[in-house]
Amino acid sequence: MSRWVCEVLYGLSTFLKTRRPLQAQKIADRIRHFVDTNEALSIAEVISATPPRSRGTYQPDPERRKEVEDTAMKIVEYHFKKLKYRVQLVPELNLGYDIIATQADSVLCVEVKGRSDTTVIADFTFNEFDKIKLEQKGKFTDGSCRIYIVTDALNENGGARLHHFWCVCPTPDDKKRSDEPEWRDVNSSHVLKLKTLEAARGSL
């Protein structure tokens, strides 16, 4: 790598400090590594230091998307088995949820969503959302509908974390809360807010 390229990269890292300081530090560290060792980094390594521009839910790489989804399923499956639940994986049955976890009289119907980053956000299909709405109305009869969002499923940002949401209907004591049912995190005070979206596709 020429001295000119090094100067350009240093300038880039300096510029990024005002926009993305964490990524700028990573880039600077990589440049220093080359300067100190004269060992070039692969292009993939350099690019990986830059986060995606969008924090949306869609993962454009189908192989990576499947890897995240499959890993999230394995993590949740292991979680329930560790709690001594009997676990059935049923994503191929198109039930609107992915896992049936049974323990004594308790039946949990779990929809699993995986994330490659640490943002707690997920998209739900029409079928999945139908089951969510039935649970909110108290009309879901398969068991207790649950949502698990696994963030950092591939362990690239500090470690995978499970976010377990269940539907809680308001009571007279919940004066500060909404009159609508809420999907609350079992382990915190966070509430998963659901926003209905519409989509369309046109073709010739």
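Two strands are taken to pair if DSSP finds at least two bridges between them, where helices (H or I, at least four residues) and strands (E, at least two) are DSSP runs numbered from the N terminus. The model is a predicted one, in which local features need pLDDT of at least 70 and side-chain atom pairs count only at pLDDT 80 or more, while totals for chains, interfaces and linings use all residues. Residues are numbered from 1 along each chain as its sequence is written, and side-chain values use heavy atoms, with hydrogens and water left out.

On this basis, E2 (99-103) and E3 (106-114) pair in the antiparallel sense over five bridges, with Ala101 opposite Leu108 in E3. The two strands form a hairpin with two residues between them, and Ala104 in the turn has a positive phi of about 55 degrees. E2 also runs antiparallel to E1, to which four bridges join it, and Val87 stands opposite Ala101 in E2. Because four of the five residues of E2 are buried, this strand is largely enclosed by the rest of the structure; buried means under 20% relative accessible area (1.4 Å probe, protein chains only).

Helix H4 comprises residues 62-82, and its end C-alpha atoms are 30 Å apart, in agreement with the span of 30 Å that its 21 residues should have at 1.5 Å a residue. Buried residues of H4 include Val68, Ala72, Ile75 and Phe80, and what covers the buried residues of this helix includes strands E1, E2, E3, E4 and E5. At the start of H4, a side-chain oxygen of Asp61 lies within 3.1 Å of the backbone nitrogen of Glu63, whereas Lys84, which follows the helix, has a positive phi near 70 degrees.

Key: The expected span of a helix is 1.5 Å times one less than its number of residues. Buried means under 20% relative accessible area, exposed over 50%, partly exposed in between (1.4 Å probe, protein chains only). Contact means heavy atoms within 4.5 Å. A polar contact is a pair of N or O atoms within 3.5 Å; within protein, one must be able to donate a hydrogen and the other to accept it, and residues adjacent in sequence count only if both atoms are side-chain atoms.
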